[in-house]
Amino acid sequence: MIKSALRKIYKQKRLALSEAERMKMDDLLLIQFQRLPFNNVNCLMTFSAIEVMGETNVEYCARYLQHLIPGLQICYPVVDSLSNDMKAVVANDETLFADNLYGIAEPVGGNAISPREIDMVLVPLLAFDEFGYRVGYGKGFYDRFLKTCRSNVSTVGFSYFQPVAKIEDTNEFDVPLNYCITPEKLYEF
């Protein structure tokens, strides 16, 4: 199946889930997340879920890792819709967030860090395949950003649903994930 068809199907599938179902699955995602190797993770890039889109809530995973690794630096993406670039901005408990043009909460102010400083990136997605390729919202922000990270950065996607066999229209600009987590399984690519 191609990305545009998967986008449409998985947006609908996520929105069909009740809040209670999503909360239960978010708990199961955290349990699977805890199985990952976290050695050498000192800087985590996470994301703010778009609740109206039924996105997975990875905040639990970021908080778990923050508890596990004292001094963990956490950053969030901030997009520039004019240049189509994304940067990583450090956040803490005092950081204020505001919704951007796409309705995604981003840190207000804060210091950007080099993508090469990031050890693990939690990546949003709509669907993924058995080869680690993902379908996002189609703007390419994450694929462009991940190409600027170190080659050994750990990338982790989260999905309420199992993988499709193959995304038929992947291309040289798509960056596969290292892991994808579903409520039932941890996939490693």
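Q: How many salt bridges does a search of the whole structure find?
A: The search of the whole structure finds 4 salt bridges. Please keep in mind that this is a predicted model.

Q: Which residue forms a salt bridge with Lys-3, and how far apart are the closest N and O atoms?
A: The partner of Lys-3 is Asp-174, and their closest N and O atoms are 2.8 Å apart. This pair links distant parts of the chain, 171 residues apart. Lys-3 belongs to helix 1 (residues 3-15), while Asp-174 sits in the loop between strand 10 (154-158) and strand 11 (179-181).

Q: And is Asp-174 buried or exposed?
A: Asp-174 is buried, because its relative accessible area is 12% and the cut-off for buried is under 20%. Lys-3 counts as buried too, at 13% relative accessibility.

Q: OK, what about Glu-59, which side chain does it meet in a salt bridge?
A: Glu-59 meets the side chain of Arg-63, with 2.7 Å from N to O.

Q: Where do Glu-59 and Arg-63 lie?
A: Both lie in helix 3 (residues 59-68). They are 4 residues apart, which is about one turn of the helix. Glu-59 is partly exposed, with a relative accessible area of 25%, and Arg-63 counts as partly exposed at 35%.

Q: Which residue pairs up with Arg-150 in a salt bridge?
A: Arg-150 forms a salt bridge with Asp-119, and the closest N and O atoms are 2.9 Å apart. Asp-119 counts as buried at 13% relative accessibility, whereas Arg-150 is partly exposed at 21%.

Q: Changing topic: why is strand 10 said to be largely enclosed by the rest of the structure?
A: Strand 10 is described in that way because 5 of its 5 residues are buried. Both of its faces are covered. On one side are Ser-154, Val-156 and Phe-158, and on the other are Thr-155 and Gly-157.

Q: How many bridges join strand 7 to strand 10?
A: There are 4 bridges between strand 7 and strand 10, and the two strands run parallel. In this pairing, Val-123 stands opposite Gly-157 of strand 10.

Q: What about strand 10 and strand 11, in what sense do they pair?
A: They pair in the parallel sense, over 3 bridges. Here Gly-157 stands opposite Cys-180 in strand 11.

Q: Now the pockets. What volume does the largest pocket have?
A: The volume of the largest pocket is about 640 Å³. Its lining consists of 30 residues, and those nearest its centre are Tyr-137, Gly-138, Lys-139, Gly-140 and Phe-141.

Q: Which element gives the largest share of that pocket's lining?
A: Helix 4 gives the largest share, with 4 residues. Helix 1, strand 2 (73-80), strand 9 (134-135) and helix 4 each supply at least two residues. By class, the lining of the largest pocket has 14 nonpolar, 6 polar and 10 charged residues.

Q: And the second largest pocket, what is its volume?
A: The second largest pocket has a volume of about 360 Å³. It is lined by 15 residues, of which Asp-26, Ala-49, Glu-51, Glu-55 and Asn-57 are the closest to its centre. Helix 2 and helix 3 are the elements that give two or more residues to this lining. The largest share, 4 residues, comes from helix 2. The lining of the second largest pocket divides into 7 nonpolar, 2 polar and 6 charged residues.

Q: How many cavities of 30 Å³ or more does the search find?
A: The search of the whole structure finds 1 cavity of 30 Å³ or more, and the volume of the largest cavity is about 30 Å³. The lining of the largest cavity is made up of Arg-14, Phe-47, Glu-55, Thr-56, Pro-124, Leu-125 and Phe-158. These lining residues divide into 4 nonpolar, 1 polar and 2 charged.

Q: Last one: where does Gln-32 lie?
A: Gln-32 lies in helix 2 (residues 19-33), and it counts as buried at 9% relative accessibility. Leaving aside neighbours within four places in sequence, Gln-32 is in contact with Ile-181, Thr-182, Pro-183, Glu-184, Lys-185 and Leu-186.

How values were computed: Residues are numbered from 1 along each chain as its sequence is written. This is a predicted model: local features need pLDDT of at least 70, side-chain atom pairs count only at pLDDT 80 or more; totals for chains, interfaces and linings use all residues. Side-chain values use heavy atoms; hydrogens and water are left out. On a 1 Å grid over the protein atoms alone, a cavity is a set of points where a 1.4 Å probe fits but cannot get out, and a pocket is an open set with protein on both sides within 12 Å along at least five of seven lines; lining residues have an atom within 4 Å of a point. Grid points are joined across faces, edges and corners, and a volume is the space filled by probe spheres set on the points. Ala, Val, Leu, Ile, Met, Phe, Trp, Tyr, Cys and Pro count as nonpolar, Asp, Glu, Lys and Arg as charged, and the others, Gly among them, as polar. Buried means under 20% relative accessible area, exposed over 50%, partly exposed in between (1.4 Å probe, protein chains only). Contact means heavy atoms within 4.5 Å. Two strands pair if DSSP finds at least two bridges between them.
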